[in-house]
Amino acid sequence: MSVVQENPAVPIPVEIGGVRAGPPRSQILRRDTWWFWPGVQALGLLAFVGYGIWTAFRGDFYYAGTMGHVSSLPSHYLSPFYSPCFVSSCPTDAVWGPAGGIGTVSPALLVLIFPMGFRVTCYYYRKTYYRSFWASPPACAVADVGSTQPGGMRSKYSGETRFPLILQNAHRYFWYVAVIFAGILTWDAIEAFRFGSGWGMGLGTLIFVVNAVLIWMYTAGCHACRHLCGGGLRRFSNAPVRHTIWRRIVTPLNEHHQLYAWMSLIWIAWTDLYVYLVATNTIHDPRFF
Amino acid sequence: MAVGTSQTEGPSGAPSPASAGEHGTASGETLHMQLWRGDKDGGQFVEYQVPAQEGEVVLDVVHRIQASHAPDLAVRWNCKAGKCGSCSAEINGVPALMCMTRMSTLDTASPITVSPMRTFPVLRDLVTDVSFNFEVAKLIPSFTPAPPPPGGYRMQQVDVERGQEFRKCIECFLCQNVCHVIRDHEENKAHYAGPRFFVRLAELEMHPLDTLDRRAYVRERMGVGYCNITKCCTEVCPEGIHITDNAIIPLKERVVDSRYDPVAWLGRKILRRPAPMTAAEAAAHTSAATRGVSDAAR
Ligand code: SF4
Ligand code: SF4
Ligand code: FES
Ligand code: FES
């Protein structure tokens, strides 16, 4: 991927630097609480990042199984932050990959790179952090912070045309990996029905199933997915199956991509917290059967 | 906020109390309208006080002010029905059509500001010079179908439907006005088409009969990479076009296909698919280019 020169040889013939209409851009004319949602979203993302760091470095109590509550048959709840668990410290019941696992670091640190990359390059999260953290723009018709002083640090803007933001174009590759992760979390949800050597269902099982469903709703509503499954076609009529997937499944999910982005984010943290609480014997996982 | 002289509506322009009474609720309330007045040499908000009337939109009030206080007020409008795209402005700082913004949706207890679109050069008062958009329009590679097959062109319903949303655009340029790429970084006007034209380009790229490939052109010449998908264009579009989700992101993904995806590149090589059309090839189909050619031929 190369850094490209986007500026064409022939500029659009337009006068730049003339007197513009209305009051200066530094004057915010909006009267509504335009800062409210960007602020809430910034806090939400910070809270999640803070929680994620705590969880990733905890390196323990991410599996509610043999080391969990012992009064009934042990569950198989593996925190989504630690799945797939492939380091040597993973509980034998939950470990993936070559026998005994590889390495000794907190498995979360290795695993989280991929879902993090997926969310960081997600079109929806990009919108959110460009607004809430970069303040570019903080809200519609509110000037980019730093853009109103001529020659200032932030007076120039190149969007996603230069390194590093040009890498956002790799989002579809993170999506491919995210599909694998959604599969793994689905597997974990199936495992959550396992108690001892038999089958059953606890509150945790439900939490895991909801987690897998939300991850799929978020992943399948991805804009890159929408393009790849049919949106990239010029003629839908040539590919009726792809058109149907595009129209009936992916587009309806994509319309609520923001909602599923938040729901799946919150739920994944909650699933981890639940596992932690059960694993530390803080709460008892109610069993339905 | 610079507020200039304050004027109260004189008897001539005052609606009769009876008629206000007939309409009920709003009678007796006074609107404090702060309209931007000015030209190249500077400007300021001027406050006009007019009695409220029921069922009005902002443009009605502006017209009443024009009739009673400010006959020289410059304001552009045409249809009063949200269809011509002339009356774009910023109402309490929010880009919107004056004819489609009901007074009842605004807080009339405090002053209401009406200012011109701040991204474009001033002409006078609420009127701006939007010719930037017309210059970009000349640079859009035109619809280029293959020669008609025997029996004429045929299009399927599913393919026709998709572009319908894009054809609703009324060219109000509110999206161009709100887009921070050019609003806050004016130098980008030289190499950035803006959301309205991404809508147009997406429509052409999804047209079942079109034969051009504008992807390189969209990246290099139209600057789609500058958009950071923060969706303000979608928020202000009076036609409710999902500009970011249905036009810009699909264009960005098409650009990834043609430029940034090594697997797609390899696929083209193995399957011996044609290489993406260059920006220069697409540029030959713009009205700027074709007009240039005919000028030279003359
Ligand atoms: S989404 Fe892109 S085109 Fe639309 S206003 Fe934001 S930066 Fe501009
Ligand atoms: S896309 Fe919407 S906001 Fe932009 S010019 Fe067209 S109608 Fe106006
Ligand atoms: S756009 Fe959000 S996950 Fe791809
Ligand atoms: S006057 Fe035509 S859109 Fe407002």
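Residues are numbered from 1 along each chain as its sequence is written, and chains are lettered from A and ligands numbered from 1 in the order in which they are written. Because the model is predicted, local features need pLDDT of at least 70 and side-chain atom pairs count only at pLDDT 80 or more, while totals for chains, interfaces and linings use all residues.

Student: Which helix gives the most residues to the shell around ligand 1?

Tutor: The shell holds 15 residues, B:Cys179 and B:Pro195 being among the closest; a residue is near if its C-beta atom, placed from the backbone, lies within 6 Å. Helices H6 (180–183), H9 (232–236) and H10 (243–260) of chain B each give two or more, helices being DSSP runs (H or I, at least four residues) numbered from the N terminus. With three residues, the top contributor is H10(B).

Student: How are H7(A) and H10(B) oriented to each other?

Tutor: The axes, lines fitted to C-alpha atoms over the stretch in contact, have angles that run from 0 to 180 degrees between N-to-C directions. Those of H7(A), residues 223–231, and H10(B) come within 10 Å and cross at roughly 75°. Because 65 to 115 degrees counts as roughly perpendicular, H7(A) and H10(B) are roughly perpendicular.

Student: Which helix of chain B supplies the largest share of the shell around ligand 2?

Tutor: This shell has 16 residues, with B:Cys169, B:Cys172 and B:Arg196 among the closest. Helices H5 (174–178) and H7 (195–205) of chain B each supply at least two. The largest share, three residues, comes from H7(B).

Methods:
Angles under 35 degrees count as roughly parallel, over 145 as roughly antiparallel, 65 to 115 as roughly perpendicular and the rest as oblique.
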